[in-house]
Amino acid sequence: MKSLLLLILLEFFMTKNAASIKSNGRKLRRFTFKDDPKVKTARPVIGILTQEVSGNREIFGYGQYVASSYVKLIEEAGARVAPILMDQTPDDIEKLFYSINGLLLPGGQSMLNASRYMTVGKQLVELAIKSNQEGKVFPVWAECLGFELITIVVTRVDPKQGGQYNPELFTATNATNYTTTLQFHNIKKSQIFSKMPKEYIQFMEQVPFSYNNHLVGMNSKTFNRYEPLKEMFRITSTSRDRNGREYISSMEGKEYPFFVWHWHPSKPQYEWLSNLNIFHSMYSTRVIQWLIDFFMDNAVQNDHKFPSKQVEDNALIYKHPLLYTERLGSAMTEYHFINRIPYKTQFALGEQVYVKAGKDPEKGEARLKEIIRMGKGRQ
C-alpha cells in the first residue's frame, strides 16, 4: 500500500512539473527542472585539460592526450567532456571556459615549471575563481598534478622555481604506486564529506583504498604558512606515506566548489593494470561514484553553454581517437590522442622558451593511424 501511494505521489509531481511532447502521435510527459532554481542545465559539459605526449606514450602518437579514465568518470556522472587543448590561445581558452560547466585537472607527468599544462591550467583556475566570486557556480575537480597546480596558483609562488618540486611548497613523500587510508579533518564543515553516508566515511578511514602515485606532498605546516591557501581552502583529509610521513590528501574550497585530491579517485573504476596497487572493490566504486556525483550536482548549477550545436559538437572528445594502450605497455588502459602540436613549435613560458624538437608530426600521425588500422586501438 505504501509503495502504491509513493508511485501515485511521484506521478502527480512529475505531471505537475512536466512539459508536453509528442511521440508517434501520443502525448508524453517529461519531467523538467523549472521548479529547481539551482539547476541551470541538463546537458553539462566538463572541460579536461590535455597534456603533451611524452615518454612511452610516444609510441602511440604525438601531440596531446587525455586518459580515458577521466572521461569515463565524467560520463558516469551524466556529463560530456570537452578537451581543453594546451596549444590554444588565451582568447580561445577563455571562450571555451564560458561554454563549459566545470573543470577537471588530471594527474600526469608534466613539469609545472616548463609546460603549457601549468600556463593554461593557471588561466582556467583564475577564471574559475573569478566566476565563483561573481556568484556563478563553477566547480573544479583536481587530481594529483592538478592538486600541485592549484596549490602553486593560489599561493602565487612562481612556477619556474621548481614547479611541483619546489621545496618551499612540497616535501618528498614515498607514495608512488601506493594505497592508503584517509584521516579526516573538519568533516562537519566539509561541503562534500559532511553529507556523505557514514559507512563510506568509515570505509575510507579503515581500508587502504586511495591510490597515490606522487613523489612530493604538502604538509599541514606548509599549508598554514600561506594565507591565501588558508583563506580559500580547508584540509579535509591527510594520509601517511610508507615512511609514516603525513601529507594533505584532500582539500576543498571553503566558499567555492573546488575539490582537490592528492590521490586518484579516477583509478579504482577504470584502470586495471595488474602491477598497479589499485584497490578494486564494490565500496571503492560506490565511494568514488558518490564523490563525482556531488561534483556534478554543482556543475548543473552553471549556465554556461556553447554558442551553437555545431560549435559544441566540434569541441567534444568523441572525435579524437581512443586507443586501448594497456596491453602495449602503457600504465593507463586507454587514451584519447589529439594530434595537433607540430613538434618544432615553441611555447613561450614567461622568459623561458620550452622547445620540443626532433620529432616528425607526419610520421607520428601515420603511426597513430597504423595502430588503429592494425586493431591495436579503436576509434
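Is Phe337 buried or exposed? Phe337 is buried, at a relative accessible area of 1% (buried: under 20% relative accessible area; exposed: over 50%; partly exposed in between; 1.4 Å probe, protein chains only). The model is predicted: local features need pLDDT of at least 70, side-chain atom pairs count only at pLDDT 80 or more, and totals for chains, interfaces and linings use all residues. Residues are numbered from 1 along each chain as its sequence is written, and side-chain values use heavy atoms, without hydrogens and water.

**View 1. Phe193 pairs with Trp261.** The ring centres of Phe193 and Trp261 lie 6.1 Å apart with planes at 75°, so the pair is edge-to-face (rings of Phe, Tyr and Trp, its six-membered ring, pair with centres within 6.5 Å; planes under 30 degrees apart are stacked, over 60 edge-to-face, the rest tilted). Phe193 sits in the loop between β10 (183–184) and α6 (198–206), and Trp261 in strand β14 (residues 258–261), 68 residues apart (DSSP runs numbered from the N terminus: helices, H or I, at least four residues; strands, E, at least two). Phe193 is buried at 2%, Trp261 at 1%.

**View 2. Tyr335 pairs with Phe337.** Their ring centres are 5.6 Å apart and the planes meet at 45°, so this pair is tilted. Tyr335 is buried, with 2% relative accessibility.

**View 3. Ser99 lies in a loop.** The loop runs between α3 (90–97) and β7 (102–105). Ser99 is buried, at 7% relative accessible area. Leaving aside neighbours within four places in sequence, Ser99 is in contact with His304, Lys305, Phe306 and Pro307 (contact: heavy atoms within 4.5 Å).
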